[in-house]
Amino acid sequence: MDTHALSPTRRTLHVIGWAAYLACSWTWCIGMFLPALLARDYGPWSFAVFAVPNVLGAAAMGWVLARGDAPARFAERHASATALFSLVTIAFQMWFLHWASPALRIPTPAIFAACILLPLVIRMLLGRLPVQATVAGAIATLLSLAALAWMLADGQTSLPSSHGVRPDALLWLAPVCMLGFALCPYLDRTFLLAASQLTPPRRRAAFTLGFVVLFTPMILMTLLYADWLRPRVLTGASDVLSTGARAIVALHILIQLLFTIVAHLVVLARPVTTRPHAQPFPIRLLTAVLAGVLIAALIQQAGSLLHRESLGVDTAAMTPQELSYRLFMGFYAIVFPAYVWICMIPTRDGHAGLAGSLGRAKLIT
């Protein structure tokens, strides 16, 4: 889209639309559930350790990729890694939806209906992607922010109580959050897509607005319902929220999970280079869905095995599902940040990527 031809008002709406798209594409089952686990294990101050590098790391990508063609070059040079990132992310959302749906009381027919509608939504988004993606992001953002406003107005919120965790425990958590949230955004194809649709000044504005202004209240909402959601998902404990607040939280989580799944399916179905693709769109889409299901099944099996065998890890207080959740988190805490650090950031001699013998050595490392 040639944004130079737009009026000033349309340009502003264009930036706001992509900011909303970015905020929703980054609101996963990490931002909507991990703060609940961290509050249990580390107390409420863990939210700051989680949120600050999350917000700043994602927003910084719009400033780091300053050159106009930088997002396109990143996407083409690291196509396989960004595809794996999207596949794991899709699998994570699918798995979490399956795990949390009983606690959220999301009826099975609604999940089936969503799965049937997903291909239709994807086909619609692919028609005029820049316009449809920003409109969908704006609607999803407004719904989630309205849910937060309703909860605050209704008084159905409470900060999680402290568990007396020593402050030095957070010092070990902080570098993990900083590394993961600072580096993972560069493998996110939805970020690269949004960046490629914006000029550098508007790119910086959209990333800043999207994460500092729109994304922050969405993860703050997680902190407010953490004491209700965590025991219900982990142990099936009784309700704390009212029926209306519970429905609002379920709606917020369902909308954001489905938006993330659709957004990543869309970017997987779009070519990242100008070279022709051997596989047509339906084959790529089907492959992505099946790969996501397979990854989710393998992670769940690994979590069950780890829980049963212990493998030297204290798993007494964890369910197999929580272990599986933590295994998924390992991709974003270790695997993906390591790839960005070793393979994407240029070395002193200027080498970046996987080309040549040095590139192969980086990948092995």
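Thr-141 counts as buried because its relative accessibility is 4%; buried means under 20% relative accessible area, exposed over 50%, and partly exposed in between, with a 1.4 Å probe and protein chains only. Thr-141 sits in helix H7, residues 129-154. Helices (H or I, at least four residues) and strands (E, at least two) are DSSP runs, numbered from the N terminus. Leaving aside neighbours within four places in sequence, Thr-141 is in contact with Ala-20, Cys-24, Leu-214 and Met-218. Contact here means heavy atoms within 4.5 Å.

This is a predicted model: local features need pLDDT of at least 70, side-chain atom pairs count only at pLDDT 80 or more, and totals for chains, interfaces and linings use all residues. Residues are numbered from 1 along each chain as its sequence is written, and side-chain values use heavy atoms, with hydrogens and water left out.

Now the overall fold. The protein has 14 helices and 0 strands. Of its 365 residues, 50% count as buried. Among contacts between residues at least 6 apart in sequence, 82% join residues at least 24 apart.

Start at helix H1. It covers residues 8-25, 18 residues in total. From first C-alpha to last, H1 reaches 26 Å, close to the 26 Å expected at 1.5 Å a residue; the expected span is 1.5 Å times one less than the number of residues. Buried residues of H1 include His-14, Trp-18, Ala-20 and Cys-24. Ala-23 of H1 is also buried. Val-213 lies 190 residues from Ala-23 in sequence, yet their C-alpha atoms are 9.0 Å apart in space. Val-213 belongs to helix H10. At 46% relative accessibility, Val-213 counts as partly exposed.

Next, the interior. A nonpolar core is a set of buried Ala, Val, Leu, Ile, Met, Phe, Trp, Tyr and Cys residues joined through side-chain atoms within 4.5 Å. The largest one holds 107 residues, and Trp-26, Phe-33, Phe-96, Phe-211 and Tyr-325 touch the most other members. Helix H10 (residues 200-235) gives the most to this core, with 16 residues.

Aromatic pairs come next. The whole structure has 30 of them. Rings of Phe, Tyr and Trp (its six-membered ring) pair if their centres lie within 6.5 Å; planes under 30 degrees apart count as stacked, over 60 as edge-to-face and the rest as tilted. Trp-26 and Trp-28 are edge-to-face because their planes stand at 70°, with ring centres 5.0 Å apart. Both residues are buried. Phe-33 and Tyr-325 are also edge-to-face, at 5.3 Å centre to centre and 80° between the planes. This pair links distant parts of the chain, 292 residues apart. Phe-33 is in the loop between H1 and helix H2 (34-42), while Tyr-325 is in helix H13 (residues 320-344). Phe-33 counts as buried, at 0% relative accessibility. Tyr-325 is likewise buried, at 0%. Beyond four places in sequence, the contacts of Tyr-325 include Cys-29, Leu-37, Phe-92, Phe-96 and Trp-99.

Two polar side chains remain. Thr-89 lies in helix H5, residues 79-104. Thr-89 is buried, with a relative accessible area of 0%. A polar contact of 3.0 Å joins its side chain to that of Tyr-332. Such a contact is a pair of N or O atoms within 3.5 Å; within protein, one must be able to donate a hydrogen and the other to accept it, and residues adjacent in sequence count only if both atoms are side-chain atoms. Not counting residues up to four places away, Thr-89 touches Trp-28, Thr-260, His-264 and Tyr-332.
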